[in-house]
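Okay, hi everyone, thanks for coming.

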Amino acid sequence: MDFAALEQQAQSYRAQMTAFLRDLIRLPGESTFEEPTARRIVQEMEQLGFDEARIDAMGNVIGSVGVGARLIAYDGHIDTVGVGKRENWDFDPFEGFETEAEIGGRGASDQLGGIVSAVYGARIMKDLGLLDDRYRVMVTGTVQEEDCDGLCWEYLIREEGIRPEFVVLTEPTDQGIYRGHRGRMEIRVEVGGLSCHGSAPERGDNAIYKMARILTEVEALNARLKDDAFLGKGTLAVSEIFFTSPSRCAVADSCAISIDRRLTDGETYLDALEEIRALPSVQKYGAEVSMYTYERPSYTGLVYPIDCYFPTWVIPATAGPVRAAVAAHRGLYGEPRVGKWTFSTNGVSIMGRNNIPCIGFGPGREAQAHAPNERTWKDELVRCAAVYAAIPTLYLEGETESSAGADVGAGAGADAGATNSAGTGADATSGTGATSGADATSGADATSATNKEQEGTHA
Ligand SMILES: [Zn+2]
């Protein structure tokens with residue numbers, strides 16, 4: 001493979017990639033509002049001579065180049081989170097800015113830059129004749145990831161019948177090659193009570209006091225959760241609290257909490273629910289423990305309900321796609337760091353639920369995600385496009401060198417299929433106590449910037 005030619009070709013698109021990313025930043029596209037972004041991406045794909053560029057019924061962009069039977073996909077979610085407090089930004093998050101080295105704006109790192117590099121990576125494969133008649137390359141611009149990571153790929157796999165051999169996730173990786181991350185789920189615990197006049201509390205049964213005891217046990221449970229050498233420790237955090245009470249002068253008759261549970265390798269939603277159901281106070285008060293469901297319509301109006309369970313996934317460092325990405329990076333830019341994400345991605349569906357191998361490599365930095373003054377780096381857009389363009393060829397070469405492929409699929413997500421479990425307390429915003437963020441499903445990546453000590457793990 002002529003790495004110098006590849007690098008040169010990628011460099012030649014630096015200005016076009018910059019202009020494309022700045023256009024995408026100018027189109028606000030929070031989850032379920034991605035239509036203008038999707039249309040702009042289709043337009044770019046058409047201009048660059050993609051063989052296919054369309055939008056599916058959920059609103060995902062599907063583009064492809066090549067004609068082979070085998071399929072390799074590059075995925076970038078095209079929604080962004082909101083801007084948060086506007087006064088924390090030093091510049092307009094949608095107008096953005098650029099310098100010689102940087103591009104700023106909401107979505108620059110998470111992860112509009114990734115879709116830009118993927119689109120141009122596919123174009124470079126075309127330019128340099130890297131497309132082999134054995135395989136076809138698909139670029140997906142997927143919706144609602146920030147709201148419900150992986151939902152888009154449940155749709156692509158089940159309804160569009162798309163099943164690539166592997167998927168390159170283009171979320172920011174600080175220029176490392178990633179091969180997994182912890183899973184997560186959204187749990188609700190609800191306990192009932194009996195209201196009475198607040199002047200005679202002994203007549204009632206206060207749900208808030210019951211929840212106080214449950215909370216103490218939930219907090220202590222965090223320390224006992226499973227640890228894993230590569231992915232780190234499972235964690236839980238109470239993220240919301242709700243109550244109902246007839247008045248400020250009454251005993252509360254219900255109380256509920258939401259728990260953000262991060263799952264490490266080997267932990268499933270069943271374990272996580274059982275651990276909480278087994279807590280002494282949960283048993284004593286007959287509290288109900290359930291999983292939230294997500295059923296917000298996409299921008300096209302499509303509703304595709306799913307449990308808020310996002311399984312852990314990890315693939316071995318020796319898997320074919322990891323080796324191909326490492327070889328591509330080594331040939332172009334030297335030996336890469338191999339690691340994992342702190343946050344969650346569409347890999348929860350692709351690998352976690354459906355056992356299709358994923359690797360991660362994308363422009364931008366994890367710490368920029370969801371932060372004010374978000375930015376990315378032009379050099380990284382170019383590097384990612386070049387590495388993307390090299391991966392399929394090296395993957396197929398690696399396959400002929402060893403009898404490869406068979407080593408993928410170990411690890412996480414074995415029983416991931418069991419979704420649609422029963423009665424989830426759906427309406428998180430009931431409860432008069434719900435003063436804050438209301439939307440229980442927001443912020444997939446929200447708790448990301450934790451776990452600092454585990455960043456930069458070498459495989
Ligand atoms: Zn993201």
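So, let me start with a question: is the crossing in which helix 9 passes helix 11 left-handed or right-handed? It's right-handed. Before I go on, keep in mind that this is a predicted model.

Let's stay with that pair for a moment. Helix 9 covers residues 320-333 and helix 11 covers residues 378-401, and they pack at an angle of about 125°, with axes 7 Å apart. That angle is why we call helix 9 oblique to helix 11. If you want to find the contact on the screen, look on helix 9 for residues including Gly320, Ala324, Ala328 and Leu332. On the helix 11 side, look for Ala386, Ala390 and Leu394, among others. Sorted by class, this contact has 13 nonpolar, 4 polar and 3 charged residues.

Now, helix 11 also meets helix 4, which is residues 108-127. Here the axes come within 8 Å and cross at roughly 45°. So helix 4, too, is oblique to helix 11. The crossing is right-handed. From helix 4, the contact includes Gly113, Val116, Tyr120 and Ile124, and helix 11 brings in Leu381, Cys384, Ala385, Tyr388 and Ala389. What about classes? There are 10 nonpolar and 3 polar residues in this one, and no charged residues.

In our model, 3 strands make an open sheet in the order 4-5-20, with antiparallel pairing. Which strands stand at the edges? Those are strand 4, at 97-98, and strand 20, at 375-377. Each has a single partner strand, so one side of each has no neighbour in the sheet. Strand 5, residues 102-104, is joined to strand 20 by 3 bridges. For one of the residues there, Gly104, the bridge partner in strand 20 is Arg375.

Last stop: Met211, which you'll find in helix 6, residues 207-223. Is Met211 buried or exposed? Count the C-beta neighbours inside 10 Å and you get 27, so Met211 is buried; the cut-off for that is 20 or more. If we skip the neighbours within four places in sequence, Met211 is in contact with Val191, Cys255 and Ile257.

Definitions and conventions
Residues are numbered from 1 along each chain as its sequence is written. This is a predicted model: local features need pLDDT of at least 70, side-chain atom pairs count only at pLDDT 80 or more; totals for chains, interfaces and linings use all residues. Axes are lines fitted to C-alpha atoms, for helices over the stretch in contact, and angles run from 0 to 180 degrees between N-to-C directions. Helices (H or I, at least four residues) and strands (E, at least two) are DSSP runs, numbered from the N terminus. Angles under 35 degrees count as roughly parallel, over 145 as roughly antiparallel, 65 to 115 as roughly perpendicular and the rest as oblique. A crossing is left-handed if the near helix is turned anticlockwise from the far one by less than a right angle, and right-handed if clockwise. Two residues are in contact if their C-beta atoms, placed from the backbone, lie within 7 Å. Ala, Val, Leu, Ile, Met, Phe, Trp, Tyr, Cys and Pro count as nonpolar, Asp, Glu, Lys and Arg as charged, and the others, Gly among them, as polar. A residue is buried if 20 or more other C-beta atoms lie within 10 Å of its own, exposed if 12 or fewer, and partly exposed in between; C-beta atoms are placed from the backbone. Two strands pair if DSSP finds at least two bridges between them.
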